[in-house]
Amino acid sequence: MPVYEFASDEIRRLDRTTFSNAQMQERRDLQRLLRANIGVIAVDTLVIAEEFGHWDDSRRRIDLLGIDKDAKLVVIELKRTEDGGHIELQAIRYAAMISTMTFDQAVGVYETYLEQIGQLDVDGRTGMLEFLGWEEPDEDAFGQDVRIVLASAEFNREVTTSVLWLIDRGIDIRCVRLQPYDLGGRVLVDVQQIIPLPEVAEYQVRVAEKKRKEREARTDTRDWTSYDLSVGTATFTGLRKRHVIYQVFRALVARGINPETIAAQCSARVSRALISVEGSVDGEGFYELARQARLEEGKTFDPKRYFCDEGELVHFGERTYAFSSQWGGDAWLHAMNRLKDAFPEADIQFNPALAT
(Lines give C-alpha, C1' and ligand atoms only; values in the text may rest on other atoms or scores of the structure.)
Protein backbone atom coordinates (compact mmCIF):
# COMPACT_ATOMS: atom_id res chain seq x y z
CA MET A 1 0.00 0.00 0.00
CA PRO A 2 1.48 3.41 -0.96
CA VAL A 3 2.55 5.89 1.71
CA TYR A 4 1.86 9.59 1.20
CA GLU A 5 3.15 12.81 2.70
CA PHE A 6 0.43 15.35 3.42
CA ALA A 7 2.21 18.66 2.73
CA SER A 8 0.64 22.07 3.20
CA ASP A 9 -0.32 22.41 -0.45
CA GLU A 10 -0.26 18.88 -1.85
CA ILE A 11 -0.21 15.18 -1.17
CA ARG A 12 3.02 13.56 -2.32
CA ARG A 13 3.50 9.85 -2.77
CA LEU A 14 6.71 8.64 -1.15
CA ASP A 15 9.12 6.54 -3.17
CA ARG A 16 9.71 3.03 -1.97
CA THR A 17 13.35 2.18 -1.53
CA THR A 18 15.44 -0.70 -0.22
CA PHE A 19 17.65 -0.92 2.82
CA SER A 20 20.63 -1.58 0.58
CA ASN A 21 19.93 1.56 -1.47
CA ALA A 22 19.60 3.48 1.78
CA GLN A 23 23.06 2.17 2.77
CA MET A 24 21.61 0.37 5.80
CA GLN A 25 23.31 -2.86 6.82
CA GLU A 26 21.49 -5.78 8.38
CA ARG A 27 23.63 -6.12 11.47
CA ARG A 28 25.25 -2.71 11.81
CA ASP A 29 22.04 -0.72 11.38
CA LEU A 30 18.77 -2.71 11.49
CA GLN A 31 19.81 -5.03 14.29
CA ARG A 32 21.46 -2.28 16.34
CA LEU A 33 18.44 0.01 16.12
CA LEU A 34 15.84 -2.68 16.75
CA ARG A 35 17.59 -4.22 19.74
CA ALA A 36 17.18 -0.90 21.56
CA ASN A 37 13.60 -0.45 20.33
CA ILE A 38 12.40 -4.03 20.13
CA GLY A 39 8.79 -3.04 20.85
CA VAL A 40 8.59 -1.83 17.25
CA ILE A 41 8.40 -5.45 16.05
CA ALA A 42 7.83 -7.45 19.27
CA VAL A 43 5.84 -5.80 22.05
CA ASP A 44 6.41 -6.73 25.70
CA THR A 45 9.76 -8.30 24.90
CA LEU A 46 13.12 -8.01 26.64
CA VAL A 47 16.20 -8.62 24.51
CA ILE A 48 18.63 -10.88 26.40
CA ALA A 49 21.16 -11.65 23.65
CA GLU A 50 22.43 -10.48 20.28
CA GLU A 51 24.12 -12.79 17.78
CA PHE A 52 23.43 -15.68 20.15
CA GLY A 53 25.18 -18.90 19.13
CA HIS A 54 26.02 -21.07 22.14
CA TRP A 55 26.33 -24.30 20.17
CA ASP A 56 28.96 -26.12 18.17
CA ASP A 57 28.25 -24.53 14.79
CA SER A 58 29.37 -20.96 15.40
CA ARG A 59 28.13 -19.89 11.97
CA ARG A 60 24.55 -20.20 13.15
CA ARG A 61 23.55 -17.25 15.31
CA ILE A 62 20.20 -15.86 16.41
CA ASP A 63 20.01 -12.19 15.47
CA LEU A 64 18.16 -11.25 18.66
CA LEU A 65 17.00 -13.49 21.49
CA GLY A 66 14.43 -12.29 23.99
CA ILE A 67 11.80 -13.26 26.54
CA ASP A 68 8.24 -11.96 26.72
CA LYS A 69 5.92 -11.17 29.61
CA ASP A 70 4.60 -14.76 29.58
CA ALA A 71 8.16 -16.05 30.14
CA LYS A 72 8.34 -17.45 26.62
CA LEU A 73 11.63 -17.31 24.74
CA VAL A 74 11.48 -15.16 21.60
CA VAL A 75 13.64 -15.83 18.53
CA ILE A 76 13.89 -12.70 16.34
CA GLU A 77 15.35 -13.02 12.85
CA LEU A 78 16.03 -9.99 10.65
CA LYS A 79 16.56 -9.73 6.90
CA ARG A 80 17.08 -6.59 4.83
CA THR A 81 16.50 -8.51 1.56
CA GLU A 82 13.44 -8.06 -0.60
CA ASP A 83 12.14 -11.64 -0.27
CA GLY A 84 13.06 -12.79 3.25
CA GLY A 85 15.34 -15.55 1.97
CA HIS A 86 14.98 -18.74 4.02
CA ILE A 87 14.35 -16.82 7.19
CA GLU A 88 11.67 -19.18 8.52
CA LEU A 89 13.89 -22.26 8.25
CA GLN A 90 16.65 -20.59 10.21
CA ALA A 91 14.25 -19.43 12.91
CA ILE A 92 12.72 -22.89 13.39
CA ARG A 93 16.18 -24.41 13.77
CA TYR A 94 17.12 -21.78 16.34
CA ALA A 95 13.84 -22.19 18.25
CA ALA A 96 14.52 -25.90 18.61
CA MET A 97 18.08 -25.25 19.78
CA ILE A 98 17.11 -22.89 22.62
CA SER A 99 13.83 -24.58 23.60
CA THR A 100 15.38 -26.28 26.65
CA MET A 101 16.96 -23.11 28.07
CA THR A 102 16.37 -22.72 31.80
CA PHE A 103 15.88 -19.53 33.77
CA ASP A 104 19.40 -19.63 35.20
CA GLN A 105 20.88 -20.21 31.74
CA ALA A 106 18.90 -17.27 30.40
CA VAL A 107 20.21 -15.09 33.22
CA GLY A 108 23.77 -16.03 32.27
CA VAL A 109 23.07 -15.17 28.63
CA TYR A 110 21.50 -11.84 29.61
CA GLU A 111 24.42 -10.88 31.86
CA THR A 112 26.85 -11.53 28.99
CA TYR A 113 24.71 -9.35 26.72
CA LEU A 114 24.60 -6.53 29.28
CA GLU A 115 28.40 -6.58 29.42
CA GLN A 116 28.58 -6.46 25.63
CA ILE A 117 26.42 -3.33 25.41
CA GLY A 118 28.13 -1.65 28.34
CA GLN A 119 25.28 -1.79 30.90
CA LEU A 120 27.50 -2.98 33.72
CA ASP A 121 25.31 -1.41 36.41
CA VAL A 122 22.36 -3.71 35.61
CA ASP A 123 22.03 -7.05 37.41
CA GLY A 124 20.78 -9.65 34.93
CA ARG A 125 18.85 -11.79 37.41
CA THR A 126 17.12 -8.81 39.01
CA GLY A 127 16.35 -7.29 35.63
CA MET A 128 14.72 -10.46 34.32
CA LEU A 129 12.67 -11.00 37.47
CA GLU A 130 11.41 -7.40 37.37
CA PHE A 131 10.52 -7.69 33.68
CA LEU A 132 8.56 -10.91 34.31
CA GLY A 133 6.92 -9.51 37.44
CA TRP A 134 8.28 -12.39 39.53
CA GLU A 135 9.60 -12.26 43.06
CA GLU A 136 11.58 -15.45 42.50
CA PRO A 137 12.35 -17.74 39.54
CA ASP A 138 9.65 -20.17 38.45
CA GLU A 139 11.31 -22.87 36.37
CA ASP A 140 7.97 -24.60 35.78
CA ALA A 141 6.65 -21.47 34.05
CA PHE A 142 9.83 -20.32 32.31
CA GLY A 143 10.50 -21.12 28.67
CA GLN A 144 7.53 -23.43 28.22
CA ASP A 145 7.20 -22.27 24.62
CA VAL A 146 9.19 -20.37 22.00
CA ARG A 147 7.82 -17.53 19.90
CA ILE A 148 9.29 -16.60 16.53
CA VAL A 149 9.29 -13.10 15.03
CA LEU A 150 10.49 -12.70 11.43
CA ALA A 151 11.21 -9.15 10.28
CA SER A 152 12.07 -8.37 6.66
CA ALA A 153 11.51 -5.81 3.93
CA GLU A 154 9.34 -8.40 2.18
CA PHE A 155 8.44 -12.08 2.30
CA ASN A 156 8.22 -14.36 -0.71
CA ARG A 157 5.41 -16.83 -1.23
CA GLU A 158 7.46 -19.77 0.00
CA VAL A 159 8.03 -18.06 3.34
CA THR A 160 4.43 -16.95 3.84
CA THR A 161 3.05 -20.37 2.89
CA SER A 162 5.40 -22.05 5.35
CA VAL A 163 4.53 -19.61 8.13
CA LEU A 164 0.78 -20.08 7.65
CA TRP A 165 1.27 -23.86 7.76
CA LEU A 166 3.26 -23.56 11.00
CA ILE A 167 0.60 -21.34 12.58
CA ASP A 168 -2.02 -23.91 11.63
CA ARG A 169 -0.04 -26.43 13.66
CA GLY A 170 0.18 -24.30 16.75
CA ILE A 171 3.56 -22.65 16.27
CA ASP A 172 3.62 -19.04 17.50
CA ILE A 173 5.30 -17.36 14.54
CA ARG A 174 4.65 -14.02 12.88
CA CYS A 175 5.95 -11.95 9.98
CA VAL A 176 6.60 -8.24 10.37
CA ARG A 177 7.23 -6.31 7.18
CA LEU A 178 9.68 -3.38 7.30
CA GLN A 179 9.11 -1.37 4.13
CA PRO A 180 11.52 1.57 3.77
CA TYR A 181 10.60 4.80 1.98
CA ASP A 182 12.78 7.70 0.91
CA LEU A 183 11.85 11.20 2.01
CA GLY A 184 14.45 13.61 0.76
CA GLY A 185 17.32 11.46 1.92
CA ARG A 186 15.61 10.43 5.16
CA VAL A 187 14.53 6.82 5.62
CA LEU A 188 10.98 6.23 6.82
CA VAL A 189 9.91 2.66 7.56
CA ASP A 190 6.36 1.34 7.40
CA VAL A 191 6.16 -1.43 10.03
CA GLN A 192 3.26 -3.86 9.66
CA GLN A 193 2.56 -7.31 11.02
CA ILE A 194 1.28 -9.11 7.95
CA ILE A 195 1.00 -12.68 9.30
CA PRO A 196 -1.11 -13.20 11.20
CA LEU A 197 -3.06 -10.03 10.53
CA PRO A 198 -3.61 -8.29 13.88
CA GLU A 199 -7.39 -8.19 13.43
CA VAL A 200 -7.62 -11.98 12.94
CA ALA A 201 -4.65 -13.07 15.06
CA GLU A 202 -6.77 -14.05 18.06
CA TYR A 203 -9.15 -16.03 15.86
CA GLN A 204 -6.26 -17.86 14.20
CA VAL A 205 -4.78 -18.70 17.58
CA ARG A 206 -8.10 -20.20 18.69
CA VAL A 207 -8.44 -22.24 15.49
CA ALA A 208 -4.86 -23.48 15.78
CA GLU A 209 -5.41 -24.42 19.43
CA LYS A 210 -8.56 -26.34 18.53
CA LYS A 211 -6.73 -28.27 15.82
CA ARG A 212 -3.83 -28.95 18.17
CA LYS A 213 -6.16 -30.43 20.76
CA GLU A 214 -7.83 -32.55 18.10
CA ARG A 215 -4.45 -33.91 17.00
CA GLU A 216 -3.48 -34.57 20.61
CA ALA A 217 -6.73 -36.44 21.17
CA ARG A 218 -5.97 -38.72 18.23
CA THR A 219 -2.50 -39.55 19.54
CA ASP A 220 -3.09 -39.15 23.28
CA THR A 221 -1.18 -41.67 25.37
CA ARG A 222 -1.80 -40.03 28.73
CA ASP A 223 -2.98 -41.99 31.73
CA TRP A 224 -6.75 -41.61 31.97
CA THR A 225 -7.14 -44.04 34.87
CA SER A 226 -10.16 -43.37 37.07
CA TYR A 227 -9.89 -43.61 40.85
CA ASP A 228 -12.15 -44.38 43.76
CA LEU A 229 -11.61 -42.10 46.75
CA SER A 230 -12.61 -42.02 50.37
CA VAL A 231 -11.97 -39.21 52.84
CA GLY A 232 -13.31 -40.19 56.24
CA THR A 233 -16.88 -41.35 55.64
CA ALA A 234 -17.22 -39.56 52.29
CA THR A 235 -16.72 -41.73 49.19
CA PHE A 236 -16.33 -40.93 45.50
CA THR A 237 -16.09 -43.30 42.55
CA GLY A 238 -14.70 -43.07 39.04
CA LEU A 239 -12.87 -39.75 39.41
CA ARG A 240 -10.07 -38.49 37.19
CA LYS A 241 -6.81 -37.58 38.94
CA ARG A 242 -7.41 -33.86 39.11
CA HIS A 243 -10.88 -34.37 40.59
CA VAL A 244 -9.51 -36.79 43.16
CA ILE A 245 -7.07 -34.27 44.62
CA TYR A 246 -9.67 -31.49 44.35
CA GLN A 247 -12.16 -33.48 46.44
CA VAL A 248 -9.47 -34.14 49.03
CA PHE A 249 -8.78 -30.41 49.16
CA ARG A 250 -12.47 -29.61 49.68
CA ALA A 251 -12.86 -32.27 52.35
CA LEU A 252 -9.86 -31.02 54.32
CA VAL A 253 -11.08 -27.42 54.18
CA ALA A 254 -14.46 -28.62 55.43
CA ARG A 255 -12.60 -30.04 58.44
CA GLY A 256 -11.39 -26.51 59.24
CA ILE A 257 -7.89 -26.78 57.77
CA ASN A 258 -6.53 -23.62 56.17
CA PRO A 259 -6.42 -23.95 52.35
CA GLU A 260 -2.85 -22.64 52.25
CA THR A 261 -1.74 -25.28 54.75
CA ILE A 262 -3.21 -27.92 52.44
CA ALA A 263 -1.66 -26.38 49.32
CA ALA A 264 1.77 -26.37 50.99
CA GLN A 265 1.63 -30.18 51.03
CA CYS A 266 0.75 -30.31 47.34
CA SER A 267 3.50 -28.14 45.90
CA ALA A 268 6.76 -26.52 46.91
CA ARG A 269 5.09 -23.21 46.03
CA VAL A 270 1.62 -22.60 47.43
CA SER A 271 0.85 -20.26 44.52
CA ARG A 272 1.26 -23.18 42.10
CA ALA A 273 -1.63 -25.06 43.74
CA LEU A 274 -3.84 -22.24 44.89
CA ILE A 275 -5.02 -18.76 44.04
CA SER A 276 -7.18 -16.61 46.29
CA VAL A 277 -8.88 -13.22 46.46
CA GLU A 278 -10.13 -11.15 49.34
CA GLY A 279 -13.75 -11.50 50.40
CA SER A 280 -16.46 -14.05 49.75
CA VAL A 281 -17.24 -13.75 46.03
CA ASP A 282 -19.01 -15.68 43.31
CA GLY A 283 -17.47 -17.09 40.13
CA GLU A 284 -17.71 -13.89 38.11
CA GLY A 285 -16.39 -11.77 40.95
CA PHE A 286 -13.52 -14.19 41.54
CA TYR A 287 -12.47 -14.06 37.89
CA GLU A 288 -12.36 -10.27 37.83
CA LEU A 289 -10.42 -9.96 41.08
CA ALA A 290 -7.97 -12.72 40.18
CA ARG A 291 -7.45 -11.29 36.70
CA GLN A 292 -6.76 -7.83 38.11
CA ALA A 293 -4.37 -9.18 40.75
CA ARG A 294 -2.36 -11.11 38.16
CA LEU A 295 -2.38 -8.12 35.82
CA GLU A 296 -0.80 -5.97 38.54
CA GLU A 297 1.94 -8.62 38.82
CA GLY A 298 2.51 -8.50 35.07
CA LYS A 299 0.94 -11.93 34.62
CA THR A 300 -2.25 -13.35 33.16
CA PHE A 301 -4.98 -15.39 34.86
CA ASP A 302 -6.15 -18.48 33.00
CA PRO A 303 -9.37 -19.77 34.62
CA LYS A 304 -9.03 -23.09 32.77
CA ARG A 305 -6.13 -23.94 35.08
CA TYR A 306 -8.23 -23.75 38.24
CA PHE A 307 -11.43 -25.08 39.73
CA CYS A 308 -13.05 -21.67 39.79
CA ASP A 309 -16.59 -22.12 38.51
CA GLU A 310 -19.41 -21.02 40.79
CA GLY A 311 -19.79 -24.34 42.62
CA GLU A 312 -16.05 -25.11 42.74
CA LEU A 313 -14.77 -22.14 44.72
CA VAL A 314 -13.94 -22.61 48.40
CA HIS A 315 -14.61 -19.93 51.03
CA PHE A 316 -12.46 -19.82 54.14
CA GLY A 317 -12.10 -16.98 56.61
CA GLU A 318 -12.31 -13.72 54.70
CA ARG A 319 -11.03 -15.11 51.38
CA THR A 320 -12.22 -17.12 48.39
CA TYR A 321 -9.94 -19.85 47.02
CA ALA A 322 -9.59 -21.71 43.72
CA PHE A 323 -7.60 -24.94 43.62
CA SER A 324 -5.37 -25.85 40.68
CA SER A 325 -6.71 -28.31 38.07
CA GLN A 326 -3.22 -28.98 36.65
CA TRP A 327 -2.13 -32.30 38.13
CA GLY A 328 -0.35 -34.58 35.74
CA GLY A 329 2.32 -37.26 35.90
CA ASP A 330 4.21 -37.84 39.14
CA ALA A 331 3.18 -34.50 40.63
CA TRP A 332 -0.32 -35.82 41.38
CA LEU A 333 0.83 -39.00 43.12
CA HIS A 334 3.46 -37.11 45.10
CA ALA A 335 0.86 -34.57 46.26
CA MET A 336 -1.69 -37.25 47.15
CA ASN A 337 0.81 -39.17 49.27
CA ARG A 338 1.91 -35.97 51.00
CA LEU A 339 -1.71 -35.14 51.85
CA LYS A 340 -2.37 -38.66 53.10
CA ASP A 341 0.68 -38.54 55.40
CA ALA A 342 0.15 -34.96 56.59
CA PHE A 343 -3.51 -35.45 57.56
CA PRO A 344 -3.84 -39.04 58.84
CA GLU A 345 -6.98 -38.17 60.81
CA ALA A 346 -8.78 -37.63 57.47
CA ASP A 347 -8.20 -41.29 56.52
CA ILE A 348 -7.54 -40.56 52.84
CA GLN A 349 -7.69 -43.68 50.67
CA PHE A 350 -7.48 -43.84 46.86
CA ASN A 351 -7.21 -46.72 44.43
CA PRO A 352 -7.74 -47.28 40.71
CA ALA A 353 -11.43 -47.82 40.02
CA LEU A 354 -12.44 -51.36 39.16
CA ALA A 355 -13.40 -51.78 35.50
CA THR A 356 -17.08 -52.40 34.96
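The following dialogue examines a predicted model of a protein chain.

Student: How many helices and strands does the protein chain have, and what share of its residues is buried?

Tutor: The chain is built from eleven helices and 16 strands. A residue counts as buried when its relative accessible area is under 20%. Of the 356 residues in the chain, the share that is buried is 39%.

Student: Among contacts between residues at least 6 apart in sequence, what share joins residues at least 24 apart?

Tutor: Contacts between residues at least 6 apart in sequence form the set in question. Within that set, the share joining residues at least 24 apart is 59%.

Student: Which residues of strand S7 point one way, and which the other?

Tutor: Strand S7 covers residues 146-152, and seven of its seven residues are buried. In a regular strand, side chains alternate between the two faces of the sheet. In S7, one way is taken by Val146, Ile148, Leu150 and Ser152. The other way is taken by Arg147, Val149 and Ala151.

Student: Which residues stand opposite isoleucine 148 of S7 in strands S6 and S8?

Tutor: Strand S6 (residues 73-79) runs parallel to S7 and is joined to it by seven bridges. Strand S8 (residues 173-183) also runs parallel to S7, with five bridges between them. Opposite isoleucine 148 stand valine 75 and, in S8, isoleucine 173.

Student: Why do the buried residues of helix H5 line one face of the helix?

Tutor: Helix H5 spans residues 157-168, and its buried residues are Val159, Thr160, Val163, Leu166 and Ile167. Seen down the axis of H5, these buried residues line one face because they fall within an arc of 125°.

Student: Which exposed residues does H5 carry on the face turned away from its buried side?

Tutor: A residue is called exposed when its relative accessible area is over 50%. On the face of H5 turned away from the buried side, the exposed residues are Arg157 and Glu158.

Student: How does the end-to-end reach of H5 compare with the expected value, and what is that reach?

Tutor: H5 has twelve residues, and at 1.5 Å a residue the expected span is 16 Å. The distance from its first C-alpha to its last is close to that expectation, at 16 Å.

Student: What is the strand order of the open sheet of three strands, and which are its edge strands?

Tutor: The pairing in this sheet is antiparallel, and the order is S11-S10-S16. Neighbouring strands are turned by 10° against each other on average, direction ignored. An edge strand here pairs on one side only, and the edge strands are S11 (234-239) and S16 (348-352).

Student: Is glutamine 31 buried or exposed, and which side chain does it contact?

Tutor: Glutamine 31 sits in helix H1 (residues 26-36). Its relative accessible area is 1%, so glutamine 31 is buried. Its side chain makes a polar contact of 3.0 Å with the side chain of glutamate 50.

Student: Is glutamate 51 buried or exposed, and what is its phi?

Tutor: Glutamate 51 belongs to strand S4 (residues 45-52). Its relative accessible area of 16% is under the cut-off of 20%, so glutamate 51 is buried. Although glutamate 51 is not a glycine, its phi is positive, about 55°.

Student: Where is proline 196 found, and what is the omega of the cis peptide bond that joins it to isoleucine 195?

Tutor: Proline 196 lies in the loop between strand S9 (186-195) and helix H6 (198-219). The cis peptide bond between isoleucine 195 and proline 196 has an omega of about -15°.

Technical notes
Residues numbered from 1 in each chain as written. Predicted model: local features only at pLDDT ≥ 70, side-chain atom pairs only at ≥ 80, totals over all residues. Heavy atoms only, no water. Pairing = 2+ DSSP bridges. Helix = DSSP H or I, 4+ residues; strand = E, 2+ residues; numbered from the N terminus. Axes fitted to C-alpha atoms, helices over the stretch in contact; angles between N-to-C directions. Expected span 1.5 Å × (residues − 1). Buried < 20%, exposed > 50% of the residue type's maximum accessible area, 1.4 Å probe, protein only. Arc of directions from axis to C-beta. Polar contact = N/O pair within 3.5 Å; in protein donor to acceptor, adjacent residues only side chain to side chain. Contact = heavy atoms within 4.5 Å.
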